[in-house]
Amino acid sequence: MRIGAPKERFAGEARVALTPESAMQLQKLGHACLVEAGAGEGSGISDDAYRTAGVTVVEDAAALVAASDVIVKVRPPMTAEVGLLSPGKTLVSFFYPGQNGELLEQARSKGATVIAMDMVPRISRAQKMDALSSMANIAGYRAVIEAGNHFGRFFTGQITAAGKVPPARVLVIGAGVAGLAAIGVATSLGAQTYAFDVRPEVAEQIESMGAEFVYLDFADGQGGGQQDGAATGGYAAPSSPEFRETQLAKFRELAPQMDIVITTALIPGRDAPKLWLADMVAAMKPGSVVVDLAAERGGNCDLTVADQKIVSDNGVTVIGYTDFPSRMAAQSSALYATNIRHMLTDLTPGKDGVIVHNMEDDVIRGATVTFDGAITWPPPPPKIAAIAAQKPKEKAKEPTPEEKRAAEAAAFKAGTKNQLALLAVGTAALLIVGAFAPAAFMSHFIVFVLACFVGFQVIWNVSHSLHTPLMAVTNAVSGIVILGALLQIGSGNGLVVVLSALSVLIATINIVGGFLVTRRMLAMFQKS
C-alpha cells in the first residue's frame, strides 16, 4: 500500500504524522511512503531527509491523497480534506467522532475507512498505539516548563550566601498520563509537589514519584471517605455533588499555599469540569501560575481563555494554550509517528504490504469509526477494564502490650521446646553412633558437628543489611571451614597442620573478600 502524510492545515500545527524513521519501518512491512512537500518543516525534518529515507515527496495535498491508499494525519481533517477521500482509501488520524458528527457523516458518505487514533482502547496490548497518552505525556511535561517560564522564582529550594530560597509548591489536579508527567518533571526540578485525583488507586503512583497525594476530609455521612472515581477505560468518572463540594473546599484551603497549579482533569466527550474557581485564583499569591491543560474543552479554571495567556487582577498568570504537543513538535512527531506505525503494523499482519482490516480485533474495531460505508462509532465497550478497581487495604489491628507479651512468651516457649527436642534427638544419635564407631572417628565427628553448628550460627545470623544473602551463605560455609581448621591446627601431624593453615587462609580470604565486594555493591546505591 502507498501511505501518504499531508502537511497539516490547522493554524499553528507543527507536527507531522510520518517521520523518516517510521517511514523506513513501514517500508520493511512492504509499504511505500509519500509525504507532501514541507510537511515536516515544523518538526525540523527537511524534504531531503525524507528522500534519503526512501520517501517520495509530492508537491500538493490533492496529488498526495490521489496517489495514496492510506492517509495519515495528526489533526482531524477539515471538510475540504475529507472531500478528497474516495472509496477504498483509509484515513488514520485524530478524529474525535463524538464532537465531529458532520465530519463523520461526510467521511461515511465518501465510502472511506476512518481510524480515529483518539479512539484506541486503553488496554495493555494497545499501549503502543495510544496516541492520546503519547501527546498527554508531552503536554504534562511542557506544562511544567511553560509554568517555569512564567514563574519568577526557582523550583528547587536553595540556601545561599544571599539568603534562603524556599522550594516552589506545585499542585497537579488529575493524575492521568499528563498529570503523572507533570508530577515527574516538577519533582525532578526540586519543587514540593502535591497531586489530587478522584481515583484512589493512583495514590501509590503519585507517592512513588515523590509527590504528596491530597486526601479529602469527609465528615460522617458525607461520602464516607475517598470514593473510587474510576470509570471504564481508565478515565475518571463524574463526581457526586457531595464529593465535589468537599473537593472544592480542599482546593480553597490549598490555594493560598500553592505557587503553580496544573489542571489536567478531562473526561472524553464531556466539557471540562470546573475545579479551580475564580475565588481560588484570587486567593493565590501574586506571581503564581495556573496552567490549564483542559482549555480546549472549556478549561478546569474559571478564568481560562483557550489559546491565550491572561493575568488576573491579583497578578496570577492563567495559561490556556491548547497546542502544548505542537510546541515540542520534533518530539511529538516522533512519538505520534511511532503510534501510527504500530497501528499500521497491526493492519498488516502478513508484513506483505497488504492492509487487512480485521474488525474482530478489539483494537482495530475500537479505533474504526467508519467502515464499508457505515458509521461504526461508538464501539462496543472494552472487554477488560484498563485499571481494575482495587479494594482498600485493611489496616492490621495494633496488638495491645498484653497481647505482645503473650505472643513473645508463646514464641519463646515454642522455640525452647523445638531446641530441646532437637538436642534430645542429636544426643540419642550420638549415643547410637558412639556405641558402634571407633574412638578416633568419634573425635573427628564431634569436631565436624561443632564446626557446622557454631560456624553456621555465628555467620548466618549476621544481618543481610551488611552483605547480600549469597555472601551470607558463602560466609557460613567459610565459618565452618575455619572452625574445623582451628580445632585441627594443633595436631601433631605435620600434614594436618599444613592443611589446616591453608584452610584458615583460604576461608579468611573468602570472608574478607565477600565483605569488600558487598561494600562496593552497597556503595552503588548511595547518593554520594
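Student: Which residue is the bridge partner of I115 in strand 16?
Tutor: T368 is the bridge partner of I115. This is a predicted model, where local features need pLDDT of at least 70, side-chain atom pairs count only at pLDDT 80 or more, and totals for chains, interfaces and linings use all residues. Residues are numbered from 1 along each chain as its sequence is written, and side-chain values use heavy atoms, leaving out hydrogens and water.

Student: What makes strand 6 and strand 16 a pair?
Tutor: Two strands pair if DSSP finds at least two bridges between them. Strand 6 and strand 16 (residues 368-371) have 2 bridges, so they pair. They run antiparallel. Strands are DSSP runs of E, at least two residues; helices are runs of H or I, at least four; both are numbered from the N terminus.

Student: How is strand 5 joined to strand 6?
Tutor: By 4 bridges, with strand 5 (residues 90-93) running parallel to strand 6. T90 stands opposite T113, and L91 has V114 as its bridge partner.

Student: Why is the β-α-β unit of strand 5, helix 5 and strand 6 called right-handed?
Tutor: Point the strands away from you: right-handed means that the path from the first strand over the helix to the second runs clockwise. The unit through helix 5 (residues 101-110) is right-handed.

Student: What makes strand 3 and strand 17 edge strands?
Tutor: The open sheet has 8 strands in the order 3-2-1-4-5-6-16-17, with mixed pairing. Strand 3 (56-58) and strand 17 (374-375) each pair on one side only.

Student: How do you know that both faces of strand 6 are covered?
Tutor: Side chains in a regular strand alternate between the two faces of the sheet. In strand 6 (residues 113-116), T113 and I115 on one side and V114 and A116 on the other are all buried. Buried means under 20% relative accessible area, exposed over 50%, partly exposed in between (1.4 Å probe, protein chains only).

Student: Why is T263 called buried?
Tutor: Its relative accessible area is 0%, under the 20% limit, so T263 is buried. T263 lies in strand 12 (residues 260-263). Its contacts (heavy atoms within 4.5 Å) include I173, W276 and N300.

Student: What joins the side chains of T263 and D292?
Tutor: A polar contact of 3.0 Å. The limit is N or O atoms within 3.5 Å; within protein, one must be able to donate a hydrogen and the other to accept it, and residues adjacent in sequence count only if both atoms are side-chain atoms.

Definitions and conventions:
Lists of a residue's contacts leave out its neighbours within four places in sequence.
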